[in-house]
Amino acid sequence: MALKQTTGKRVAMTALAWAVGLLIFFPILWTFLTSFKSELDAFSVPPKFLFFHWTTENYFEVQSRSNYLLFAYNSIVLSVGANLVALLIAVPAAWSMAFAPTKRTKDLLMWMLSTKMMPGVGVLVPIYLIFRNLHLLDNRLGIGFVLMMMNLPILIWMLYTYFKEIPVDILEAARMDGASLMSEIIYVLTPMAIPGIASTMLLAIILSWNEAFWTLNLTTSNAAPLTAFIASYSAPEGLFWAKLSAASTLAIAPILVLGWFSQKQLVRGLTFGAVK
Amino acid sequence: MATQQTTIAGRILVAPSVILLFAWMIVPLLTTLYFSTLRYSLLDPDNISFVALQNYSYFLTDPNFFTALVNTLILVGWVLVISVGGGILVALLMDQPIFGQSILRLMVIAPFFVMPTVSALVWKNMMMNPVSGLFAWIAKSLGLPAIDWFTNWPMLSVIIIVSWQWLPFASLIMLTALQSLDEEQKEAASLDGARQLPFFFYIVLPHIARAITVVILIETIFLLSVFAEILVTTSGGPGNATTNIAFLVYKQALLDFDVGGASAGGIVAVILANIVAFFLMRIVGRNLES
């Protein structure tokens, strides 16, 4: 009797939860479906949900019309490249703060975090003018530098929390055995830190991929990533929903997959360790 | 503890980050501060003069500024109410013993990974278009007149889009916090026949209170500088209806080429963000100590 009641409750809860979940997910599903419609079907009233003539022509048209691959290439190069460089700078910093802390380490960490709180518009004018004078506008190096700096505090912070979890005893044992500082880092610390570094990178790539303040303001065509490419659909000509959907699906699919893998790190990274 | 060798090595290793972050934030910020005291237009770059606080008095008494400030607060406020309120409800629902929980979780978190320009344009066109959008179709099916969202309710439209982006974030954080609530505590409460509402208010809510605070503060920092969603949907319009401070500064700098005025606006935005950041940093800092 009691069991029956709980099962009944569970089924009801499941139905409700799925209804809410589908509602939240629906715009993404709808974009995906629309990307396989003809432009006329995409625009039709009443909307066609599943029974339309499926076509992949939009995907080809997006490429031939506006060189989609260039933007995709920029997105990949910028989000991976910028964060690899940031990682090279962040790992030593996080290492030293986690294992050789000084009195000022905590203040330093907080200061680094505080740079992340600065709104972009606060420094937009000087950065724009400097970039213009150095010919870094619409330049991969320029926007890559900005993306690197955007993520540096988060990288350091996340790596720091991961490194902190590595037991100090192991390091001390290595030191007792006469391991030098470098071999300590390479042979003891790095293997233990790889999972933390990997998930930190995952989150950083997601954040760079979706960054849409600096990419929209500092790039136009040559160095523009997908955020800027999609923005060009805000001034449309004629019927464009199916093409917009195809371009959007391509732009969000890879990051959606990465994102699903990194939910836990997301919580940790975006709350700066305040919620785990 | 730490040997002298590691302390010195530590300084050297941390130096590049510190120097870069300093160059990236403090130097431009001081430059912005300096520009904000100048009459400096890119249209007339040879004619630069010191005007002290005139840009601020101009910016702060500009009716556009007041509108933008109100718009910023409306946007931040409503998105917070919807995403945090909705996020708690969604998290509570997802925390129940339901079938297919992990797949459902993926679906709920998904919008957070959609880039701002995509979500804004998908919503503006395929959802909210007054002729062929889904909302128009639903309204017509129910015998109601279709709403021309971006003409008649521009700010509400932006609020809906931004809320859709942030509700998953709030849900995910709340769910994480909820799941750390002791199972035994939950079971004990249900065996004692504790009713749902008191259980929620006396046990669950205090448990997730810190997660709620953190979500509110982090979202506020991001929401104060919502930009792309406005740029690709309304460009701040109609009139000034959806211009927030971030967008106003952008307009002044890159469309009107008024370096001095835009810099003053930028400083105002920094001050606003810092008020929120102050509280967030205190919570994070307390956490660092423990």
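Trainee: Where does B:W153 sit in chain B?
Mentor: This is a predicted model, and in it B:W153 falls in the loop between α7 (149-152) and α8 of chain B.

Trainee: Buried, exposed or partly exposed, that B:W153?
Mentor: B:W153 counts as partly exposed, because there are 15 C-beta neighbours inside 10 Å.

Trainee: And what is the C-alpha separation between B:W153 and B:P238?
Mentor: Their C-alpha atoms are separated by 9.9 Å, while along the chain the two residues are 85 residues apart.

Trainee: Where is B:G237, then?
Mentor: B:G237 belongs to the loop between α11 (228-233) and α12 (245-255) of chain B, and with 14 C-beta neighbours inside 10 Å B:G237 counts as partly exposed.

Trainee: Switching to backbone angles, what is phi at A:H135?
Mentor: A:H135 has a positive phi of about 55 degrees, although A:H135 is not a glycine.

Trainee: What about phi at B:A52?
Mentor: For B:A52, a residue other than glycine, phi is positive as well, near 55 degrees. B:A52 lies in the loop between β2 (49-50) and α2 (54-61) of chain B, and this residue is exposed, with 10 other C-beta atoms within 10 Å.

Trainee: Now the inside. Which residues touch the most other members of the largest nonpolar core?
Mentor: Those are A:A90 and A:A94, in a core that has 175 residues. The element that gives the most to this core is helix α7 (residues 140-164) of chain A, with 17 residues, and the core draws at least three residues from each of domain 1 (2-57) and domain 2 (67-270) of chain A.

Trainee: Let's follow A:L152. Is it buried or exposed?
Mentor: A:L152 is buried, because 27 other C-beta atoms lie within 10 Å and 20 or more is what the term requires. A:L152 is found in helix α7 of chain A, and the C-alpha atoms of A:L152 and A:L87 are separated by 7.7 Å although these residues are 65 residues apart along the chain.

Trainee: Which residues does A:L152 touch?
Mentor: Not counting residues up to four places away in sequence, A:L152 touches A:A86, A:I89 and A:A90 in chain A, together with B:S17, B:L20 and B:L21 in chain B.

Trainee: At what angle do α13 of chain A and α8 of chain B cross?
Mentor: The axes of helix α13 (residues 263-270) of chain A and helix α8 (residues 154-179) of chain B come within 10 Å and cross at roughly 95 degrees. Angles from 65 to 115 degrees count as roughly perpendicular, and α13(A) and α8(B) are therefore roughly perpendicular to each other.

Trainee: Which residues make that contact?
Mentor: A:Q263, A:L266 and A:V267 come from α13(A), and B:L172, B:I173 and B:T176 come from α8(B). By class, this contact of α13(A) with α8(B) has four nonpolar, two polar and no charged residues.

Trainee: Last topic, the domains of chain A: what separates their centres?
Mentor: The domain assignment gives domain 1 (2-57) and domain 2 (67-270), and 33 Å separate their centres, taken over C-alpha atoms. Nine residues of domain 1 are in contact with seven residues of domain 2, and the elements giving two or more residues to the domain 1 side are α1 (2-34) and α2 (39-43) of chain A.

Definitions and conventions:
Residues are numbered from 1 along each chain as its sequence is written. Chains are lettered from A and ligands numbered from 1 in the order in which they are written. This is a predicted model: local features need pLDDT of at least 70, side-chain atom pairs count only at pLDDT 80 or more; totals for chains, interfaces and linings use all residues. Domain bounds come from an automatic or database domain assignment. Two residues are in contact if their C-beta atoms, placed from the backbone, lie within 7 Å. Helices (H or I, at least four residues) and strands (E, at least two) are DSSP runs, numbered from the N terminus. Axes are lines fitted to C-alpha atoms, for helices over the stretch in contact, and angles run from 0 to 180 degrees between N-to-C directions. Angles under 35 degrees count as roughly parallel, over 145 as roughly antiparallel, 65 to 115 as roughly perpendicular and the rest as oblique. Ala, Val, Leu, Ile, Met, Phe, Trp, Tyr, Cys and Pro count as nonpolar, Asp, Glu, Lys and Arg as charged, and the others, Gly among them, as polar. A nonpolar core is a set of buried Ala, Val, Leu, Ile, Met, Phe, Trp, Tyr and Cys residues joined through C-beta atoms within 7 Å. A residue is buried if 20 or more other C-beta atoms lie within 10 Å of its own, exposed if 12 or fewer, and partly exposed in between; C-beta atoms are placed from the backbone.
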